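User: I would like to learn how to read the features of a protein model. Could we go through one together, step by step?

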Amino acid sequence: MIRATPLILAVALFMEQMDSTVIATSLPAIASDIGSEPIALKLALTAYFVALAIFIPISGWMADRFGAKNIFRIAIFVFMLGSLACSFSFSLETFVLSRFFQGIGSSMMTPVGRLLLVRSTPRNELVSAMAWLTIPALLGPLTGPLIGGFLTTYLSWHWIFWINIPIGIAGIILVSIFLQVPEERSPRRLDVRGFLIAAVAFSGTVFGLSVVSLPALPIAYGYGTLAVGLIAGGLYFVHARATQHPLLDPQLFRHRLFRSAVIGGSFFRIGVGAVPFLLPLMLQLGFGMTPFQSGAITFVSAIGAIMSKFLAEKIYARFGFPRTLGFAAFFGGVLIAAQGLFNDATPILAIMVVLLVGGVLRSVFFTGANALGYADVNDEEAGQATAIVAVAQQLSVAFGVAVAGAILEVSTQMRGSELELVDFQIAFFVVGGMSALAAFIYWRLPAEAGSNVSGHKATTLPKA
């Protein structure tokens, strides 16, 4: 069952992760069909991420109150309804609202799915289970542009949403029949005030970062809402300290391993979040490739993710979390920065090798970081832990895209010319360096940290 459970959960996670990237390829076709402009339609991307930011914090409470398995199935159903609504949208307004509704379903799928996995898996088997869960989740963003380009080119853009229906139905059936998870409900009174403050904090931050990086609105709106979000975030910490049962309890950061997993993972995701934004643009604008050609090249990272499954569990058992995570973060960041060395004379094979090895390191990293976060968190805190991790993931990815977009903007303004290859190179160097910084967080941990999860037995040299 150690393989069946994460693969069943990954059906929904694959659908969610693929959908979040597939739409980017189809924006021009959608905009033309509903009578809008592609730049305006980026509001739909922002609406989706805002819905995630608002409702992810409440996912842990919902799972504890109504049962994680029930909420997971409902989330898939809501996501399917949102997909149908998107496919029948006839204007910018209806499409943005449909994407927001779809985001509500998505906001529950990822954190609640991970919670189900944690509750159904012994801690010493968590690394292997996370590896099986991580691979489909990584495949989604990598296959999204390729699938989106194919469906939009040879069928119609509506199919990028209709394809979610059979996947979602399969997910609900598999979860209902095969998923046996002990329901550990510990319902508490909902922290309504905390939910409202957190909604303003996270949605304001994500909306601001999205507008700054993908300006579909005047950029002043982005900075304004970002400031509101940061202020609300500060207010939430004040509220949480004065509340007995806050919606998201900052006290979980007292656990050193959980704290390291969240902070280190956030740093690493800055670069990982920026790559899907930077690389296709560089290949298409800088090298003159078509969207399908660039998607076919970047897809090689998915092969690396699959290969990592056969490495992760043994590597963590042999070397432990600190050394493995530090190595994967550092060299993963280096390989992100190395993409800034690509030019139109770089052999395609060399590009694919860098992306392949980077995919291996990225998958190994996320398998371990996701497992390490639960090494010193008890089952009662698991619901909140999954919500905090999911929020941190969304914020760090949004921040990565914003940083990349800001670098491109500043670089072009300083040179006083249109977007060129050198602008992408600078952006890759910066975000790759930021990802590599995560290594130092893990290298500071004791060698035996999280050994109850990894199975690593620290060895010491014999005394002379």
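This is a predicted model: local features need pLDDT of at least 70, side-chain atom pairs count only at pLDDT 80 or more; totals for chains, interfaces and linings use all residues.

User: How many helices and strands does the protein have?

Analyst: The protein has 18 helices and zero strands. Of its 464 residues, 57% count as buried. Contacts tell how the chain is folded back on itself. Among contacts between residues at least 6 apart in sequence, 85% join residues at least 24 apart.

User: Next, the aromatic rings. What describes a pair of aromatic rings?

Analyst: A pair of aromatic rings is described by the distance of the centres and the angle of the planes. In this model the count comes to 18 aromatic pairs. One of them joins Y48 and F49, with 5.8 Å from centre to centre and 80 degrees between the planes, which makes the pair edge-to-face.

User: Is Y48 buried or exposed?

Analyst: Y48 has a relative accessibility of 1%, so Y48 counts as buried. The cut-off for buried is under 20%.

User: Why is the pair of F55 and F100 edge-to-face?

Analyst: The ring centres of F55 and F100 are 6.4 Å apart and the planes stand at 70 degrees, so the pair is edge-to-face. An angle over 60 degrees is what that label asks for. F100 is partly exposed because its relative accessible area is 29%.

User: Which residues form one aromatic cluster?

Analyst: F327, F330, F331, F440 and W443 do. R99 lies over the face of Y48, 4.2 Å from the ring centre. R318 is placed over the face of F319, at 4.9 Å from the ring centre.

User: Now the cores. How many residues are in the largest nonpolar core?

Analyst: The largest nonpolar core has 111 residues, and those with the most contacts inside it are F72, L278, F365 and L372. To see what such a residue meets, take L278. Leaving out residues up to four places away in sequence, L278 touches A404, L408, F424, A427, F428 and V431. There is also a second, separate core of 17 residues, which includes V22, I34, A44 and L151.

User: Where is T110, and what is T110 in contact with?

Analyst: T110 sits in helix 5. At 13% relative accessibility, T110 falls under the cut-off and so counts as buried. Apart from neighbours within four places in sequence, T110 is in contact with L13, E16 and Q17.

User: How is empty space found in a model?

Analyst: Rolling a probe the size of a water molecule over the atoms shows where empty space is left. The second largest pocket here holds about 700 Å³ of space. Its lining has 26 residues, and F202, F237, V391, A392 and L395 lie nearest its centre. The elements that give two or more residues to this lining are helix 9 (192–213), helix 10 (219–241), helix 11 (256–286) and helix 15 (382–415).

User: How many cavities of 30 Å³ or more are there?

Analyst: The count comes to two. The largest cavity contains about 120 Å³ of space. It is lined by 14 residues, of which A261, V262, R269, N370 and V389 lie nearest the centre. Helix 11, helix 14 (348–372) and helix 15 each give two or more residues to that lining. Helix 11 gives the most, with six residues.

User: Which residues does V397 touch?

Analyst: V397 touches R269 and G273, not counting residues up to four places away in sequence. V397 is in helix 15, and a relative accessible area of 31% makes V397 partly exposed. The C-alpha atoms of V397 and V275 are separated by 10.0 Å, although the two are 122 residues apart along the chain.

User: Where is V353 found, and how far is V353 from G304 in space?

Analyst: V353 is found in helix 14. V353 and G304 are 9.6 Å apart in space, C-alpha to C-alpha, and 49 residues apart in sequence. With 43% relative accessibility, V353 counts as partly exposed.

Conventions
Residues are numbered from 1 along each chain as its sequence is written. Side-chain values use heavy atoms; hydrogens and water are left out. Rings of Phe, Tyr and Trp (its six-membered ring) pair if their centres lie within 6.5 Å; planes under 30 degrees apart count as stacked, over 60 as edge-to-face and the rest as tilted. Buried means under 20% relative accessible area, exposed over 50%, partly exposed in between (1.4 Å probe, protein chains only). A charge sits over a ring if NZ of Lys or CZ of Arg is within 6 Å of the ring centre and within 35 degrees of the ring normal. A nonpolar core is a set of buried Ala, Val, Leu, Ile, Met, Phe, Trp, Tyr and Cys residues joined through side-chain atoms within 4.5 Å. Contact means heavy atoms within 4.5 Å. Helices (H or I, at least four residues) and strands (E, at least two) are DSSP runs, numbered from the N terminus. On a 1 Å grid over the protein atoms alone, a cavity is a set of points where a 1.4 Å probe fits but cannot get out, and a pocket is an open set with protein on both sides within 12 Å along at least five of seven lines; lining residues have an atom within 4 Å of a point. Grid points are joined across faces, edges and corners, and a volume is the space filled by probe spheres set on the points.
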